[in-house]
Amino acid sequence: MKRRLKTVKTIGIAIGMLSIAASAQAGYLQNIEYEYGLKYSAGQFKGHDAPNDSRLGFVSPLNAAVFFPGVKKNNFWTARVSFEGFSIEADEGKSDSVAQDVEELSFSFGYRTQQSFTRKVKLWFEAGIGDKLVDATNRHTIDENGFLVSELKDSDSNSIFAYASTTHYFNMTKYTDLGLGFELKYAPSLDELRYAGIIGIKF
């Protein structure tokens with residue numbers, strides 16, 4: 001837990017430094033943009049001590065971002081935070097398949113740029129790196145008949161990941177846009193791949 005708090009503090013300091021640097025570069029705060037929305041993720045979850053390779057489908061209730069002006073027009077530095085919670089069922093009779101309840105809190109930094117394909121189709125492309133903090137509870141294995149074999153202690157870990165995404169925005173009002181996007185996220189230390197559909201409001 002101390003390691004986790006230290007990691008969160010480090011990330012918080014980095015976000016603050018990025019915010020100050022970007023604000024100073026922009027010269028005024030009103031160029032900073034914000035986004036909040038939902039994310040539907042699918043793909044894999046692989047634990048550090050039990051390599052589940054489960055196909056997932058779950059909704060993230062928190063997917064927020066801050067966009068800081070970059071060096072060129074329609075270019076932004078990004079800082080993101082997201083939360084995902086889901087449960088995994090164990091495969092019967094497999095000792096390396098662990099049932100568990102998982103909560104993940106992710107922080108990431110990236111850079112995004114806009115590319116125009118037609119007058120109405122203008123896509124944002126983003127790539128970056130991040131760190132996800134994982135809490136796994138209620139962990140256990142079962143036999144081939146579905147009966148409990150062993151209860152495992154709770155675990156916590158963190159993993160570095162890289163991500164890439166594309167988003168298209170539709171104008172809703174003078175001050176808000178509706179964004180629809182697709183994201184790929186890969187954690188190399190776990191060989192874990194996630195993909196997600198994202199819907200968000202930018203203001």
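Ala, Val, Leu, Ile, Met, Phe, Trp, Tyr, Cys and Pro count here as nonpolar, Asp, Glu, Lys and Arg as charged, and the others, Gly among them, as polar. This is a predicted model, in which local features need pLDDT of at least 70 and side-chain atom pairs count only at pLDDT 80 or more, while totals for chains, interfaces and linings use all residues. Residues are numbered from 1 along each chain as its sequence is written, and side-chain values use heavy atoms, with hydrogens and water left out.

The structure holds four cavities of 30 Å³ or more, a cavity being a set of points on a 1 Å grid over the protein atoms alone where a 1.4 Å probe fits but cannot get out, and its lining residues having an atom within 4 Å of a point. Grid points are joined across faces, edges and corners, and a volume is the space filled by probe spheres set on the points.

The largest cavity has a volume of about 100 Å³, and its lining divides into three nonpolar, four polar and four charged residues, including Arg 80, Phe 107, Ser 108, Phe 161 and Glu 183. Strands β3 (75-88), β4 (99-116) and β8 (177-187) each supply at least two residues of this lining, strands being DSSP runs (E, at least two residues) numbered from the N terminus.

Gly 130 lies in strand β5 (residues 122-142) and touches Phe 107, Ser 108, Ser 159, Ile 160 and Phe 161, not counting residues up to four places away in sequence, where contact means heavy atoms within 4.5 Å.

Terms used: Helices (H or I, at least four residues) and strands (E, at least two) are DSSP runs, numbered from the N terminus. On a 1 Å grid over the protein atoms alone, a cavity is a set of points where a 1.4 Å probe fits but cannot get out, and a pocket is an open set with protein on both sides within 12 Å along at least five of seven lines; lining residues have an atom within 4 Å of a point.
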